[in-house]
Amino acid sequence: MNLRVLPFTMALYDRVLELWQQCEGIGLGDSDSRENIALFLERNPGMSFVVESEKILLGAVMAGHDGRRGYIHHLAVLPDRRRKGVGRILVENCLKSLKNAGILKCHIFIFNQNENGLKFWESVGWSVRKDISIVSKFID
Ligand SMILES: CC(C)(COP(=O)(O)OP(=O)(O)OC[C@H]1O[C@@H](n2cnc3c(N)ncnc32)[C@H](O)[C@@H]1OP(=O)(O)O)[C@@H](O)C(=O)NCCC(=O)NCCS
C-alpha cells in the first residue's frame, strides 16, 4: 500500500465523518458538528491527520492539547484496511506534533467495552488507567 499522511483539514470533514460513522467504537455527538470540528482544528493546528491510499481515505485522527496534556480523539481506520499499521502511523504523527509543542503526556477516551481498541492501545505502548473515571456534565 502506498500510504500518504495528510493534514486533516475541513475540506476532508465529510469524508472523515463518513469514515467515523462506519467504525464501531467511535461515539459521535454534538461536538462532532462541522462547526465544532472546525473550532477544534483551528485551536490545534497541525495535530490532526488522515491516511490516504489511492484516493481512498483509510484512517483519521484528531489530536490537541490544553497547554498541559495532549488528547487524541476518534482514531479510526476503515474496517477492511485494519492491521496494516495505519492506526499506529496516525498515532505516531499525533505524538510527534504534541512533542513538538512541548507536551509530555497524552490521554485518550475509550469505551470500556471496546476490547479491540484497548488491545490496540496497549500494543502500541499505552497503559489503561484504573484509578481515574471520567465525570461529565452538559452545560446549559
Ligand atoms: C483501533 C484501530 C484504530 C486500530 O487501527 P489499525 O490500523 O488496525 O492498527 P494497526 O494496524 O496500526 O495495529 C497496531 C497493532 O495494534 C494491535 N492491534 C490492532 N488491532 C487489534 C485487534 N483488533 N486485536 C488485537 N490487537 C490489535 C496489534 O498488535 C497491531 O500490530 P500487528 O497487526 O502487527 O499485530 C482500528 O481497529 C479501528 O478503527 N477501530 C474502530 C475505532 C476504534 O475503536 N478506535 C479507537 C477509539 S479510542
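I began at the ligand and found a backbone N or O atom of Arg 88 at 2.9 Å from one of its oxygen atoms. I note that the model is a predicted one.

I then looked up side-chain contacts to ligand oxygen. Asn 114 places a polar side-chain atom 2.7 Å from an oxygen atom of the ligand. For Arg 82, I read 3.5 Å between a polar side-chain atom and a ligand oxygen atom.

I next asked how far the ligand is covered. Its area taken alone is 920 Å², of which the protein buries 82%. I recorded α4 as the source of the largest share, five residues.

I listed the shell itself. It holds 19 residues, and the closest are Leu 75, Val 77, Arg 83, Gly 85 and Asn 114. Sorted by class, I have eight nonpolar, five polar and six charged residues.

I turned to α3 and checked its length. With 15 residues at 1.5 Å a residue, the helix should span 21 Å, and the 21 Å between its end C-alpha atoms agrees.

Which residues of α3 are buried? I found Val 86, Gly 87, Leu 90, Val 91, Asn 93, Cys 94, Ser 97 and Leu 98. Viewed down the helix axis, the buried residues of α3 fall within an arc of 155 degrees, so they line one face. I recalled the general rule that an α-helix has 3.6 residues a turn, so residues three or four places apart point the same way. On the other side of α3, I noted Lys 96, Lys 99 and Asn 100 as exposed.

Notes. Residues numbered from 1 in each chain as written. Predicted model: local features only at pLDDT ≥ 70, side-chain atom pairs only at ≥ 80, totals over all residues. Heavy atoms only, no water. Near = heavy atom within 4 Å. Polar contact = N/O pair within 3.5 Å; in protein donor to acceptor, adjacent residues only side chain to side chain. Areas by Shrake-Rupley, 256 points an atom, 1.4 Å probe, with all protein chains shown as cover. Helix = DSSP H or I, 4+ residues; strand = E, 2+ residues; numbered from the N terminus. Nonpolar A, V, L, I, M, F, W, Y, C, P; charged D, E, K, R; others polar. Expected span 1.5 Å × (residues − 1). Buried < 20%, exposed > 50% of the residue type's maximum accessible area, 1.4 Å probe, protein only. Arc of directions from axis to C-beta.
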